[in-house]
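Student: Please go through this structure with me, a bit at a time. I'll ask as I go.

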Amino acid sequence: MTDKLPPDTLIEAALLTQTEPLSEKTMRELCAPPLSPDKLIDVLANLKTRWQNRALQLVHTHEGWRFQIAQAAFERLGSLQEQRAPRYSRAVMETLAIIAYQQPVTRGDIEGIRGVAVSQNVMQTLQDRGWIEVIGHRDSIGRPALWATTNVFLSDLQLESLEELPPLTELGELVLPDLIEPAESGEEEETEAGQTEPLAEPPALN
C-alpha cells in the first residue's frame, strides 16, 4: 500500500512514471498524511543528491518538477535517433526571439522589427512546437492577434519565468543549438509573398 512507502520513494516513483511535470502541491498531497512544504523541500533535495551524476536528473521547470536525461547523455544518444530533430531557419529563430523579448506582439510588430513579411509557415512552426500562442487582440483596426510565449517554451528552456531569459545573443544556444539550420553563403529565405530575403543578423530589439 502507498501509505507504507516512505515519502521519498513514493514521490520518486511518481516523478519517474509521469510524463508531465508534477507540482509541489500534487507531490505533497500524494503522501498520507500530506507533507509539509519544508518536508517536501528535504525530500526533493535528497532525490536530487541521489540522482546526481546519473543518466537522469531531477530538475525544476516553470511547470513543476520532472526527471530528464542529463545533457551529456542526451548529446551522446543523438546518434541513436532514427530521425534528426527538426532544424529551424534563421527566420523562425528571429521571430521566436522577438516574441520572447517583446511580448505581447502582433505579426505586424514582428514584421516591423525584422523589416520583412513573416511567413505563415514561420508562425505555424512555432505553434506546432508549442512555443507561442495567441493571448488576446490589440484594440486597433482589424484587432490583430497578440502573440506570446507559452509555459512549454519556459519548460523546454528550463526557465521558471521570463525574467530568467538569457541575453538575446545566447538565446540560440539555449534553444537547443542543433535545431538551428546553419546558413550557407548567399542563402536566401522565402517570404510569404513568394519573394526572397537575405538572411539577416539577429534583430536589434529596443
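Student: Where is Pro 33 found?

Tutor: Pro 33 is in the loop between α2 (24–30) and α3 (37–50). Helices are DSSP runs of H or I with at least four residues, strands are runs of E with at least two, and they are numbered from the N terminus. This is a predicted model, where local features need pLDDT of at least 70 and side-chain atom pairs count only at pLDDT 80 or more, while totals for chains, interfaces and linings use all residues. Residues are numbered from 1 along each chain as its sequence is written, and side-chain values use heavy atoms, with hydrogens and water left out.

Student: Ok. What is the peptide bond from Ala 32 to Pro 33, cis or trans?

Tutor: That bond is cis, with omega near -5 degrees. Most peptide bonds are trans. The bond from Gln 103 to Pro 104 is also cis, with omega near 0 degrees.

Student: And where is the place of Pro 104?

Tutor: In the loop between α5 (90–102) and α6 (107–114). Thr 106 lies in the loop between α5 and α6 too.

Student: Is Thr 106 buried or exposed?

Tutor: Thr 106 is buried, because its relative accessible area is 4%. Buried means under 20%, exposed means over 50%, and partly exposed is in between, using a 1.4 Å probe and protein chains only.

Student: What does Thr 106 touch?

Tutor: Leaving out residues up to four places away in sequence, Thr 106 touches Arg 138, Pro 144, Ala 145 and Leu 146. Contact here means heavy atoms within 4.5 Å.

Student: New topic. Which residue other than glycine has a positive phi?

Tutor: Asn 53 is one of them, with phi near 65 degrees. Asn 53 is in the loop between α3 and β1 (56–61), and counts as exposed because its relative accessibility is 74%. Arg 143 also has a positive phi, near 45 degrees. Arg 143 sits in the loop between β3 (132–137) and β4 (145–149), and at 48% relative accessibility counts as partly exposed.

Student: How many salt bridges does the count come to?

Tutor: Five. The rule asks for a side-chain nitrogen of Lys or Arg within 4 Å of a carboxyl oxygen of Asp or Glu.

Student: Which side chain does Arg 50 meet in a salt bridge?

Tutor: Glu 12, at 3.0 Å from N to O. The pair links distant parts of the chain, since Arg 50 is in helix α3 and Glu 12 in helix α1 (residues 7–17), 38 residues apart. Arg 50 is partly exposed at 35% relative accessibility, whereas Glu 12 is buried at 13%.

Student: What about Lys 25 and Glu 29, how far apart are they in helix α2?

Tutor: They are four residues apart, so about one helical turn separates them. Their side chains meet in a salt bridge of 2.9 Å, N to O.

Student: And what does Glu 94 form a salt bridge with?

Tutor: With Arg 114, the closest N and O atoms being 2.7 Å apart. Glu 94 lies in helix α5 and Arg 114 in helix α6, so the pair ties together parts that are 20 residues apart in sequence. Glu 94 and Arg 114 are buried. Elsewhere, salt bridges that share partners join Asp 8, Glu 12 and Arg 50 into one network.
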